[in-house]
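Keep the model open while reading.

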Amino acid sequence: MAAKASHRSIYDLTKKDLKNRTELKFDTGLKLGANYSDQSGLVSVDAERGAYRVGFDFQREDAVFQYSRKSSAGTFKFRQVVPGMHWEVVPSPVVELSTKLLDGPKLKDSLKLVYDFQNRFAFYTDTLKFNKRFKLRVAGDSKSSDTALCIGYKPDARWVKSVKLVQTAATGPLLSYKVKPADGWRVATEASLRSKVLAASVTYKALAGDAELVLDAAVPLPGSSSKVRLLRKAGVKSAPTVAHPAMLRQIAQGAGAAPAARRPLAPSSSRRCSASTRSRSSSSCWSSSSSSRSGRRAAGRPLAAAAAAEAESEAEAGPAPAAPAADEEDLMQFADRYKWYEAKFAADDMPDWTPGRFVRASQEAPFVRLVTLEVEVSRERVPLRNAYKAAGQRAALRVNGGEARSLPVASPPHPEALNQASLFLTKGDIFAGETKAAREPTSVLAEVSLLVNSKEAPEVYALGPDDIVSVGPFEGAGLDLRSSGVIGAFRFPTVVIFASGSGIATAAALLESPVGSSTHLAPALRSDVRLYYAAPNRASMCLAERFDAWAADLRVVTVPTTTGFMDAWDGDDTLVYDPEATAAIVLTGGDEEAEAAALEVCREAEIGTVREKQQQQQQQPARRRRRMAAALGTAVPAGFPVAVRSACVAIDGAPTDIIVSTYNDATVLMASQLGTLGTVIQAKQDSTLEGKTTFSTAVLLGKRDEPLLTIVARQLVELAHGKGINTPLLCCLALKQHTPEGVRQLLAAVRERELL
């Protein structure tokens with residue numbers, strides 16, 4: 001049985017590692033391959049014959065089985081990965097289908113579809129070729145809405161072999177250029193316009209036999225701050241007699257790099273990790289094959305982008321340590337390996353936009369329709385951050401791939417019971433007697449009603465059954481009824497709601513919110529809930545058919561008016577209320593004039609608790625904190641045992657409350673932009689030796705990996721010590737952003753206002 005051997009060796013100058021691959025091809029069709037490294041020894045082996053292929057990675061203990069079949073319709077591939085020999089994941093294959101949609105003499109079109117059952121991930125690639133010289137390729141996946149585009153031209157001339165322009169969201173625009181300047185020479189260059197790095201691969205195929213000398217290099221373009229090494233890799237592909245390891249080491253040493261010493265292979269038990277996370281790198285068993293290389297390029301690691309990323313990481317890390325660099329293909333040395341074991345929210349990796357379906361539409365007023373859609377609400381498919389949770393949120397919608405629209409929701413948040421089954425499944429629990437296996441996430445559909453104005457969203461206003469609808473994340477946090485206490489039915493037994501314009505949609509969602517929702521108003525438990533609805537005329541009133549149902553089921557009295565809130569309030573003689581036990585909610589849909597009229601009614605009625613429109617919710621806590629700070633700073637009674645100083649300043653453009661309280665044994669400084677304590681750090685004086693004072697800081701609560709907060713505490717305790725304050729300083733820091741400029745502004749505010 002005759003065999004033909006081939007060898008490939010690449011010496012990585014950055015990692016100081018010699019990687020080799022040897023292949024044996026037998027006349028029976030059997031092909032054997034082995035990958036081994038100068039540092040790690042034997043890495044993986046694989047075997048292929050006909051349509052079948054198997055492989056095993058000794059370091060990761062991954063087994064791979066692949067079956068491919070070609071027919072007149074296309075090529076079908078079935079690949080099963082067993083990560084870490086965890087056979088319980090079987091079956092969870094990767095299925096690939098390649099077919100030709102067009103196969104003419106001048107125009108050809110090929111399509112490749114891939115779905116990974118283990119990671120629930122799909123992607124496609126469509127390639128169109130014209131006249132054998134022009135190529136257009138489009139690629140996309142199920143985890144993002146971005147599309148990769150490649151435009152190529154292949155004149156097949158000596159100095160212009162091919163030219164490509166690639167655009168992806170991850171790498172930005174890339175320009176690729178290939179030439180054959182002389183016999184045996186081939187040069188491929190790739191320029192990244194975003195990272196400003198030029199990468200090149202030079203191949204010389206003129207050595208003994210079929211050997212090739214390969215050199216990879218990368219240099220920064222003008223205007224780039226990246227420190228990219230000139231020579232990155234050197235390698236030889238040849239017969240075994242040519243690609244001798246000693247010769248490769250001489251090549252590497254001639255380039256200015258010394259080979260690394262062989263390190264022992266770590267025990268297999270220390271390299272085991274979970275099946276669900278290790279499967280991402282399962283193709284390493286035959287990583288040098290052409291299919292695996294194309295897969296990595298498709299995943300968004302072009303030559304120039306990879307060089308730029310490597311240079312940026314080296315610049316942040318500083319000088320390279322004496323120990324060998326971590327192997328990027330060694331999962332145990334992967335920099336973000338700890339993230340595999342972090343707790344994640346359900347559906348966190350699902351796409352933000354999900355398909356919807358048109359159900360019905362009704363005309364509510366001239367140029368205003370109530371459009372009802374069927375949307376996905378499963379907690380296995382929609383992450384909590386994108387879900388509809390509270391009245392006052394707005395829905396993001398696209399029709400036929402057009403512009404995204406933000407629309408008010410007129411239906412209540414969905415009850416928790418709707419997601420009871422999917423919430424149980426998100427925990428990963430199973431019943432007795434069941435076997436855990438890969439499965440598709442469950443789907444839960446529910447209806448959402450939107451109030452649509454023809455001027456604001458004409459394509460949604462004209463929506464029909466044949467249109468394609470995409471539903472995005474629900475925007476905003478909704479109405480905040482907890483911080484103001486309006487949610488308390490016994491604290492505010494009387495609630496009056498002022499609504500106009502699109503605010504009637506929010507009012508409807510608020511009144512109909514189910515038990516358990518953060519905006520459940522519980523009108524049945526209150527003595528009186530009234531809705532004052534202002535519209536230009538009776539024909540313009542929306543959702544009028546719900547007024548009677550609200551009165552019968554929810555005990556909500558609706559007072560429609562066409563003359564304004566003040567006239568409706570003065571003309572309502574049936575309302576008996578206590579101003580201190582009455583809360584007002586203003587929902588005017590952004591109409592400032594109507595909002596001002598509603599607030600004027602509240603002032604005349606002496607209603608002190610007013611919850612304004614949801615667009616102002618982010619500003620109200622800041623105003624509330626400023627009132628609290630002003631009260632603490634100016635209304636401290638005489639003889640109060642704790643000295644309090646306060647100020648409200650802008651730091652990084654955000655209102656910040658600074659409050660300093662001085663006790664006998666400690667000083668407390670609070671700087672908050674969030675209305676919370678934030679990270680609590682204790683800073684104190686340690687000792688004074690030879691006229692020098694030392695200080696120490698300790699994080700008691702909160703973020704322990706944020707050095708800027710520790711720097712702030714140390715600077716503040718030094719400032720307090722300079723003012724003669726020798727007691728420990730307790731710093732409570734709750735800042736939205738941690739920037740050096742914000743630190744300087746905070747320290748300057750404390751100094752200028754003499755808060756310490």
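A residue counts as buried when its relative accessible area is under 20%. C542 has a relative accessible area of 5%, so C542 is buried. The model is a predicted one.

**Cysteines**

The whole structure holds 0 disulfides. C732 is in none, and the nearest cysteine sulfur, that of C731, lies 7.6 Å away. The cut-off for a disulfide is a pair of sulfur atoms within 2.5 Å. C732 is buried too, at 6% relative accessibility.

**Aromatic pairs**

The search of the whole structure gives 13 aromatic pairs. How are the rings of Y388 and F474 arranged? Their centres are 5.1 Å apart and their planes stand at 20°, so the pair is stacked. Y388 sits in the loop between β20 (368–376) and β21 (394–399). F474 sits in the loop between β24 (469–471) and β25 (494–500). The pair therefore ties together parts that are 86 residues apart in sequence.

W569 and Y577 also pair. Their ring centres are 5.5 Å apart with planes at 65°, so this pair is edge-to-face. Both belong to a cluster of F498, Y532, F565, W569 and Y577, linked by ring pairs.

| Residue | Relative accessibility | Class |
|---|---|---|
| Y388 | 8% | buried |
| F474 | 10% | buried |
| W569 | 12% | buried |
| Y577 | 28% | partly exposed |

**Charges over rings**

R369 lies over the face of Y461, 5.5 Å from the ring centre. R398 lies over the face of W353, at 4.1 Å from the ring centre.

Terms used:
Residues are numbered from 1 along each chain as its sequence is written. This is a predicted model: local features need pLDDT of at least 70, side-chain atom pairs count only at pLDDT 80 or more; totals for chains, interfaces and linings use all residues. Side-chain values use heavy atoms; hydrogens and water are left out. Buried means under 20% relative accessible area, exposed over 50%, partly exposed in between (1.4 Å probe, protein chains only). Rings of Phe, Tyr and Trp (its six-membered ring) pair if their centres lie within 6.5 Å; planes under 30 degrees apart count as stacked, over 60 as edge-to-face and the rest as tilted. Helices (H or I, at least four residues) and strands (E, at least two) are DSSP runs, numbered from the N terminus. A charge sits over a ring if NZ of Lys or CZ of Arg is within 6 Å of the ring centre and within 35 degrees of the ring normal.
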